[in-house]
Amino acid sequence: MHDRALVAEAGRSGPEVRSDVRVRIEAREHGAIEIELHSRVEPYYGDSIRRQAESVLEELGIRYADVQMEDEGALPFVISARIEAAARRAGLGQGTRVLPDGVTLPPASARDRIRRSRLYVPGSEPKYFINAALHGPDAVILDLEDSVHPGEKDTARLLVRNALRAVDFLDCERMVRINQLPMGLEDLDEIVPESPDLILIPKTETPDHVIAVEKRIAEVKGDYGITRPTWLMPILETALGIENAFFIAKASEKTVAITIGLEDYTADLGVVKTRSGNESLFARQRLVNAAHAAGVQAIDSVFGDLGDLEGLRAWAANSRALGFEGMGCVHPLHIPVIHEAFAPTSVEIDRARKIVAAYDDAQARGLAVVSLGSKMIDLPVVQRALKLMARAQAMGLVY
Amino acid sequence: MPVAEKAELITNAAGRVVPETVNGRHQLPYMGLGKYHPSGRKASAPIRTAADYPANGDKVVPDLETALRKCGLRDGMVLSSHHHLRDGDTVALAMLQAAAKIGVKDLMWFPSASFPSQKGAIELMQAGVIDHIEGSLNGPLGDYCTQGKMRGMGVLRSHGGRWQAIQDGEVRIDIAVIAAPTADPFGNCDGSHGKSACGSLGFALGDSIYADHVIVVTDNLVPFPCVPWQIQGNNVDYVVQVNSIGDPSKIVSGTTQITRSPDRLRVAELVARFLRDAGIMRNGFSFQAGAGGIALAFVSYLRQMMKDSGVKARFVRGGSTKYLVELLEEGLTDYILDGQTFDIDGVRSMAANPGHVATSPFTSYNYHGKGNFASMIDAVVLGATEVDANFNANVVTHSDGRLLHGIGGWQNCLASKCTILAVPSFRDRIPVIVDEVTTLCGPGELIDVVVTERGIAINPLREDLRNAVKGSKLPIRPLREIQEEVERICGGKPSHPKRSDRAVAVVKWVDGTLLDSVWQVI
């Protein structure tokens, strides 16, 4: 169906589908635009949807077409993306980007911001986009890779592009996981103009992968005159990737973190992923070490069992103990558990506060040696305490 | 034969347009909260004599048709039924079909609620057996009504309002048919035992006291006495034994499921945090929550917070479910005062636990009494289809004017000390916070808090609540601000669906006055 030029469709409809719209476009040689709309929200937004469809088609330069829309309450940015996707599949409106109204961009994200949790949202499921940030993760990842069916890569790309523009992600860092290269580079052409804060690069095995992505991002940003930083987080998912961890972490100035994908890593090794994670202990420790050596954050994989919050709690506590600063999550219920696990404990905060006070006191008195009670405090300990306090402050644990 | 009259319309104290007469009866418009003071004496059933009833207590007759004939069924009578068997009930429809077989016309069906499985009533309306329904109308019956096909006008009442209408003589029930999971030949009934056990029979209590004739239908006839008796056989004329009064799988759900939707869980958690942070959750407090997904999740969040803080409730009110039963069994509440039992855990608990008490709309909700339980509850969590910027809310119609839900106990619960609407801010692109509700069911003065996934709005009239949560981490926001945010997301304000100026149903307030009309959908 997608191969036959001039007739194509995009999006989903049906009783089980919510917040999406199926659009079928059949180009005509002459005549006019005929829109046939069936919508769950016809009494409220039917006229608005028809007006929007006409305007999108006009922007795409389509003047003659039969358009059928089965709407399940899709929001305007989804409707635009689905019409544009159907048009492109029909070989129409090439080279034109129809952008929805944008929300104000949040401030650019800082290189070393807190990245405890990142919530994965499938790039082809519009119903999850709008409220993802309400659950309070540090980041939302709009995923173009594994959660998107190979046949929907083109449509998901447009949906994610529009979401980056039209959805208010509140205080979350706006991340996109692109596809494995080379397809991932095409994703960048569509995504980067909408200023994502960070790009996750899947299946990174060598520094070249990172450099290729960095270069393409720089080109697109140059074309669009974008100066805001777009950070990188390579995902190491193979034995080779783990072996190259340090070099991957060092490959680009834009890299702020590296992370691991355990499903693929264990598959690569031919071992079973267990609840304890013993089989990936080496890889995870290696990654933590490489990250610290390269001066970037070490971020853990996702915990895949949706219902096992106790298992997640144990995993996250262990993960923090190993030196990770955060992990991914696939369900909003995981967010508070992860945040709790990666937060410094009140005992740690108390101790750090005392060390920092002793340090300030020594500075004020011009002493070279910092002591707390009868114990001398080494400078690295002071630095660690300062870092912990800064982190606790950023998490809102101390004021 | 009353054909839907083109009624004179007037504007009531809430600014809503209502008819002056409904089904040939003069009506009072809503006058404002607590403004209407009724006078006169309550209605009563005819005096009977034991001389006319079998001294051995055996009132069993062969079938429902015989019982209806013996009760003197004739054209234009009022027949009542009850929804404690919910969508599994087969007795109400059997009653109406037996009446059709007898050949009577123009009946008024007066159910405590109707369910989709009773859509067979439509054929009986088309055939003229039923003139109209006064009771909740939803699904196919709701569509039949809002399309203007029902001859008489629908009358929607709360559970408490139904008791009030019976007690005040607004509705005189000629024959009440009570489906009983257990009964004895004298007519004593119990809902908590038997293969069709459903818990409380509270909805049928008023009918048993005030109706001219009462028929009990049971699939578990036990020798006298049926203990406990929730309905007294002394009010019962005839008892009919049948193989089944309903489909047990639809009477109670095997498992009541907490919502898995992250957005709805967030709403539920915010509600629980609100109760905690506002200081409502304290030793000896009380609350009510129903069986919807958000309400169930709310109970499970609150339960954890109660445990963490070492707080116990004095009583909780249901719709009882597994989640309330857990509170009772863990000692987190002294009592469940149960108006309606939703799942097998609730039924089991009511049968076994003296702290799990069956209640009726009289004790819980009746506004024309010497008080009721609803106003003594510290907090209640309710749903709504729409709420406006002044906190007025709709629970019966969809935004397109179609009837969607009955009122249930919703209006009665608004009397609680803190009424919380727990709602998503939009559904399928349709904003829940609107400029004006399609149908007014609850005056905004009684609605204190609206909790959505995008924030919590406190009614400006409740400065005490606003102060109580000052300094908390709760996302407190003006309702108008949430409304504007949602309109931005949804691409502007929704258009108003067209509607006719013909009232097809009315919404009663808890005092029997007319709060609003439901209009024929074009």
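A:Ala65 lies in strand 4 (residues 65-71) of chain A, where helices (H or I, at least four residues) and strands (E, at least two) are DSSP runs numbered from the N terminus. The model is predicted, and local features need pLDDT of at least 70, side-chain atom pairs count only at pLDDT 80 or more, and totals for chains, interfaces and linings use all residues. Residues are numbered from 1 along each chain as its sequence is written, while chains are lettered from A and ligands numbered from 1 in the order in which they are written.

A:Ala65 is buried because 23 other C-beta atoms lie within 10 Å. A residue is termed buried if 20 or more other C-beta atoms lie within 10 Å of its own, exposed if 12 or fewer, and partly exposed in between, with C-beta atoms placed from the backbone. Apart from neighbours within four places in sequence, the contacts of A:Ala65 are A:Ile25, A:Glu26, A:Ala27, A:Arg28, A:Ile33 and A:Leu57; two residues are in contact if their C-beta atoms, placed from the backbone, lie within 7 Å. A separation of 54 Å is found between the C-alpha atoms of A:Ala65 and A:Glu340, which are 275 residues apart along the chain.

Chain A as a whole contains 13 helices and 14 strands. Of its 399 residues, 48% are buried, and its C-alpha trace spans about 90 × 45 × 45 Å along the principal axes. Of the contacts in chain A between residues at least 6 apart in sequence, 71% join residues at least 24 apart.

Two packed helices are described by the angle between their axes and the distance between the axes. Axes are lines fitted to C-alpha atoms, for helices over the stretch in contact, and angles run from 0 to 180 degrees between N-to-C directions. In chain A, helix 4 (residues 183-191) packs against helix 5 (residues 207-224) at an angle of about 25°, the axes being 9 Å apart. Helix 4 of chain A is therefore roughly parallel to helix 5 of chain A; angles under 35 degrees count as roughly parallel, over 145 as roughly antiparallel, 65 to 115 as roughly perpendicular and the rest as oblique. The crossing of these two helices of chain A is right-handed, the term for a near helix turned clockwise from the far one by less than a right angle, with anticlockwise giving left-handed. A:Gly184, A:Leu185, A:Leu188 and A:Asp189 of helix 4 meet A:Ala212, A:Val213, A:Arg216, A:Ile217 and A:Val220 of helix 5. This contact comprises 6 nonpolar, 1 polar and 2 charged residues; Ala, Val, Leu, Ile, Met, Phe, Trp, Tyr, Cys and Pro count as nonpolar, Asp, Glu, Lys and Arg as charged, and the others, Gly among them, as polar.

In chain B, helix 10 (residues 322-329) and helix 11 (residues 344-352) pack at about 40°, with axes 8 Å apart, and are therefore oblique to each other. Their crossing is left-handed. B:Lys322, B:Val325 and B:Leu328 of helix 10 touch B:Asp345, B:Gly346 and B:Ser349 of helix 11, a set of 2 nonpolar, 2 polar and 2 charged residues.

The contact between the chains takes 17 residues from chain B and 19 residues from chain A. On the side of chain B, helix 8 (262-277) and helix 15 (479-490) are the elements giving two or more residues, and helix 8 gives the most, with 3 residues.
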